[in-house]
Amino acid sequence: MQILKFKTDISGQEAIDKVTPLLNQKENISKWDIDPNSDDNILSISGEKIDPQQIENLVQEAGYKAEPLRIVGTSGEGL
């Protein structure tokens, strides 16, 4: 399982609501979370064979930006 983290400009519930259906439609994403309390609005995504560019494109489709911060190969439950 991979965990990817992105710096985003997704802040507030309205922005999260715009991104939610796009991220939920991807079968290879098992879990995702946005930390709106962090300075960088960190988007954490876990799943299998996740393409960081695909995530950037999905977030951009919703009208926001995502910049990859970290990719972790194998992990446990937490994001």
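Reader: Let's start with the pair in α1. How many residues apart are Glu 14 and Lys 18?

Author: They sit 4 residues apart in helix α1 (residues 13–24), which is about one turn of the helix. Keep in mind that this is a predicted model.

Reader: What do their side chains do there?

Author: Glu 14 and Lys 18 meet in a salt bridge, at 4.0 Å from N to O. Side chains of opposite charge can pair when their charged atoms come close. The count for the structure comes to 1 salt bridge.

Reader: Is Glu 14 buried or exposed? And what about Lys 18?

Author: Glu 14 has a relative accessible area of 59%, so it counts as exposed. Lys 18 comes in at 40%, so it is partly exposed.

Reader: OK, zooming out. How many helices and strands are in the chain?

Author: The chain has 2 helices and 4 strands. Going from the N terminus, the order is β-α-β-β-α-β.

Reader: And what share of the residues counts as buried?

Author: 38% of the 79 residues. The chain exposes about 4700 Å², with carbon and sulfur atoms supplying 44% of that.

Reader: Now the core. Which residues touch the most other members?

Author: The largest nonpolar core has 20 residues, and Ile 10, Leu 23, Trp 32, Leu 43, Ile 45 and Ile 55 touch the most other members. At least two residues each come from β1, α1, β2, β3 and α2 (52–61). The largest share, 5 residues, is from α1.

Reader: Where does Asn 41 sit?

Author: Asn 41 is in the loop between β2 (29–35) and β3 (42–47). That hairpin has 6 residues between the strands, and Asn 41 takes a positive phi near 45°.

Reader: Buried or exposed, that Asn 41?

Author: Buried, because its relative accessibility is 10% and the cut-off for buried is under 20%. Leaving out neighbours within four places, Asn 41 is in contact with Phe 6, Thr 8, Asp 9, Ile 10, Ser 11, Ile 34, Asp 35 and Pro 36.

Reader: Pro 36 is on that list. What's its story?

Author: Pro 36 lies in the loop between β2 and β3 as well. With a relative accessible area of 39%, Pro 36 is partly exposed. Pro 36 and Ile 10 are 26 residues apart in sequence but 7.5 Å apart in space, C-alpha to C-alpha.

Reader: Which strands pair with β3?

Author: β1 (residues 2–8) runs antiparallel to β3, joined by 5 bridges, and Lys 5 stands opposite Ser 44. β2 is also antiparallel to β3, with 6 bridges, and there Ile 34 stands opposite Leu 43.

Note on methods
Residues numbered from 1 in each chain as written. Predicted model: local features only at pLDDT ≥ 70, side-chain atom pairs only at ≥ 80, totals over all residues. Heavy atoms only, no water. Buried < 20%, exposed > 50% of the residue type's maximum accessible area, 1.4 Å probe, protein only. Contact = heavy atoms within 4.5 Å. Pairing = 2+ DSSP bridges. Areas by Shrake-Rupley, 256 points an atom, 1.4 Å probe, with all protein chains shown as cover. Core = buried A, V, L, I, M, F, W, Y, C linked by side-chain atoms within 4.5 Å.
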